[in-house]
Amino acid sequence: MSGAYIANAKFQISNAIGEKRFWTWQNIADANYHHSLDHSMLAGETESHVNAVNTLTLHDGAYIQYNKGTLNIRATGDIRWRHSEGKMYDFETLNATDFQYGLSARYTLPRLNTTLSADGNMYSRRGYGSAELNTDDFVLNASVSQPFFKGKLIARIEAFDLLHQLSNTQYSVNAQGRTETWYRSLPHYVMAHLVYHWNKNPKKK
């Protein structure tokens, strides 16, 4: 729609710590301003009006990790603040915060070459008008993989949301400040993978 626009800016920095560079960290910060226009009609009216919603979103995400050989440990944190103001008289100003923090680890056992990995993250939301949106979900995932035949065949089992914290219903707020509902079919699952790698070189002429 004519008159709508988006402006954004981003800053990113990363660095290694120590002479052996086992430790690394990264920080990404960005800002987004969205001027959204849409037609809406109030109850009892016969003509729609242009509804303008201005949304400022500030985001910062960071991680620090230790990586040595086949061992990798990473701690992450992420926070996103949203401020939305609408021109319609019934629009409720929104000041909402989504934040996430967690820890992940991966290690390959020597000789066996079995890779074990797990990650746990807390996903939290605050400041929304509905209790269904202000949630705390701790999600725990794990996987184990094993190569065979010199790495040509890889078997892997992964489990998502081991504690069954997630619902198959997901709520979000769109650019116009309206609540949207999404349905997902698999909030938690266990899945097995079997992957075979092969290479075929072209014949020499």
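Is Gly129 buried or exposed? Gly129 counts as exposed, at 80% relative accessibility, where exposed means over 50% relative accessible area, buried under 20% and partly exposed in between, with a 1.4 Å probe and protein chains only.

1. Basis of the note. This is a predicted model, in which local features need pLDDT of at least 70 and side-chain atom pairs count only at pLDDT 80 or more, while totals for chains, interfaces and linings use all residues. Residues are numbered from 1 along each chain as its sequence is written, and side-chain values use heavy atoms, with hydrogens and water left out.

2. Overall make-up. The protein has 11 strands and zero helices, both taken as DSSP runs numbered from the N terminus (helices being H or I with at least four residues, strands being E with at least two). Read from the N terminus, the order of elements is accordingly β-β-β-β-β-β-β-β-β-β-β. Of the 205 residues in the protein, 28% are buried. The protein exposes about 14300 Å², of which carbon and sulfur atoms supply 56%; accessible areas come from the Shrake-Rupley method with a 1.4 Å probe, and for residues only the protein chains shown count as cover. Among contacts (heavy atoms within 4.5 Å) between residues at least 6 apart in sequence, 48% join residues at least 24 apart.

3. The loop at Gly129. Gly129 is found in the loop between strand S6 (115–126) and strand S7 (136–148). From C-alpha to C-alpha, Gly129 lies 8.0 Å from Leu94, although the two are 35 residues apart in sequence.

4. Asn72 and its surroundings. Asn72 is found in strand S4 (residues 71–86) and counts as buried, at 9% relative accessibility. Its side chain makes a polar contact of 2.9 Å with the side chain of Asn67; such a contact is a pair of N or O atoms within 3.5 Å, where within protein one must be able to donate a hydrogen and the other to accept it, and residues adjacent in sequence count only if both atoms are side-chain atoms. Leaving aside neighbours within four places in sequence, Asn72 is in contact with Gln65, Tyr66, Asn67, Ser104, Ala105 and Arg106.

5. Aromatic pairs. The whole structure holds four aromatic pairs, defined for rings of Phe, Tyr and Trp (its six-membered ring) with centres within 6.5 Å, and called stacked for planes under 30 degrees apart, edge-to-face for over 60 and tilted for the rest. The rings of Trp23 and Tyr66 have centres 5.1 Å apart and planes at 55 degrees, so this pair is tilted. Trp23 is partly exposed, with a relative accessible area of 40%, and ring pairs link Phe22, Trp23 and Tyr66 into a cluster.

6. A stacked pair. The rings of Phe160 and Tyr189 are stacked, because their planes are at 20 degrees, with centres 5.5 Å apart. Phe160 lies in strand S8 and Tyr189 in strand S11 (residues 189–196), so the pair ties together parts that are 29 residues apart in sequence. Phe160 counts as partly exposed at 27% relative accessibility, and Tyr189 is partly exposed with a relative accessible area of 27%.

7. Strand S8 and the surface. Ile157 lies in strand S8 (residues 153–160) and is partly exposed, with a relative accessible area of 47%. Together with Leu116, Val144 and Val190, Ile157 forms a nonpolar patch on the surface, with about 340 Å² of accessible area.

Terms used. Patches are made of residues with over 30% relative accessible area and no salt bridge: like charges are joined within 9 Å, nonpolar side chains (Val, Leu, Ile, Met, Phe, Trp, Tyr) within 5 Å. A salt bridge is a side-chain nitrogen of Lys or Arg within 4 Å of a carboxyl oxygen of Asp or Glu.
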